[in-house]
Amino acid sequence: MATMATTRWAGSSGESLRLTGSREGALEAPPVYVNGAFVPAARAGISVFDHGLLYGDGVFEGIRFFEGRIFELEAHVERFFRSAEAIGLEVPLPPAGVRDAILETAARSGLREGYLRPLLTRGSGDLGLDPRKARHPNFLILCAPLDAFGEAAERGVRLVVSRWRRTPRASLDPNIKSLNYLNNILAKVEASGRGADDALLLDLAGNVAEASGENVFAVRGREVRTPPTDVCLRGITRDRVLRYLSGRYRTLEAELPWPEILDSDEIFLTGTGAGILPVVEIEGHRIGSGRPGPLTREVQAWYRELTHRSGTPIPYRIPSGGPEGSGGGGPNGEIRRKRNHRIRS
Ligand SMILES: Cc1ncc(COP(=O)(O)O)c(C=O)c1O
């Protein structure tokens with residue numbers, strides 16, 4: 001089990017981040033992987049002309065590790081490649097190289113539990129949109145402790161329905177996990193402004209698509225529904241939950257019309273960062289008993305066990321070579337041999 005700590009530490013921009021992982025007493029943010037080298041977080045950076053910053057032109061993944069093991073690493077690496085391919089961005093390492101770089105980033109953090117954020121930007125170009133001017137993608141991996149929803153996971157979350165509709169697939173495929181999250185951010189801003197924990201985004205037809213960064217499940221009797229992936233991201237947690245429930249429940253990837261969803265016995269959200277989040281209220285309407293329901297509790301317990309008992313082990317034994325630079329051989333030597341793509345913007 002991770003030790004909870006209250007230490008405050010400086011992130012790369014100097015703001016303080018809450019340390020909730022097991023790196024008790026650690027005062028420095030974990031080093032950041034930048035195009036093949038590990039750089040202290042306070043000095044990690046790329047060009048201000050990077051199109052990831054200028055236009056949100058790039059892709060990312062959000063991954064978690066628990067008890068020294070990365071959960072669903074393969075699935076995240078696959079989705080990272082799919083997102084990059086969908087926007088015509090070439091990942092500068094093969095999948096095995098990306099996997100190893102993520103593992104080494106986690107190892108160098110010293111954390112036993114935390115969050116990993118690989119991201120690939122178009123690279124620096126000029127101030128125009130044309131991606132052909134940005135020829136060298138920047139590949140970064142950040143690592144940090146995470147406590148996404150805190151005690152809300154226990155008590156359940158209160159949602160509003162955003163006035164912003166989920167960007168339709170005809171405009172941007174929700175399965176591209178791109179650096180452009182403005183649609184989701186606007187919904188989140190609206191939710192906080194209205195005193196809620198998060199917001200549901202409807203699709204253009206008025207059905208629930210997803211929450212700002214989570215998939216949605218609704219339970220009614222023996223039927224469990226979640227929206228189809230033409231309106232939402234195909235979440236890795238979503239897939240796991242569907243597999244867990246199928247057989248015992250009638251699982252459907254089908255529309256969740258608003259406001260009919262309010263008649264559900266239970267509603268919960270799923271996501272890598274959030275885990276399994278009970279929804280107890282939407283737009284002031286109580287869901288079920290107004291408390292996390294029995295199936296939600298069961299799924300939460302099962303998911304906690306799964307995330308803490310499976311995953312790819314992190315090779316913590318870092319060979320010689322400080323936080324900066326590529327270090328020595330050992331279990332990570334292969335990564336460094338492959339890492340000859342040191343592209344600086
Ligand atoms: C918009 C959106 N929907 C759903 C999810 C949940 O997906 P996953 O379970 O793969 O984390 C995420 C998080 O990645 C997300 O950003």
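The model is predicted: local features need pLDDT of at least 70, side-chain atom pairs count only at pLDDT 80 or more, and totals for chains, interfaces and linings use all residues. Numbering starts from 1 along each chain as its sequence is written.

The chain has eight helices and 19 strands; these are DSSP runs (helices H or I, at least four residues; strands E, at least two), numbered from the N terminus. Of the 345 residues in the chain, 44% are buried, meaning 20 or more other C-beta atoms, placed from the backbone, lie within 10 Å of a residue's own.

Now for S8, residues 114-121. Six of its eight residues are buried, so the strand is largely enclosed by the rest of the structure. Its pairings (at least two DSSP bridges between two strands) are these:

| Strand paired with S8 | Sense | Bridges |
|---|---|---|
| S5 (residues 58-60) | antiparallel | three bridges |
| S6 (residues 63-66) | antiparallel | three bridges |
| S9 (residues 138-144) | antiparallel | seven bridges |

Over in S9, Phe 139 sits opposite Leu 120.

Which residues come nearest the ligand? Of the 15 around it, they are Gly 235, Ile 236, Thr 237, Gly 271 and Thr 272; near means a C-beta atom, placed from the backbone, within 6 Å.

Terms used. Buried ≥ 20, exposed ≤ 12 C-beta atoms within 10 Å, placed from the backbone.
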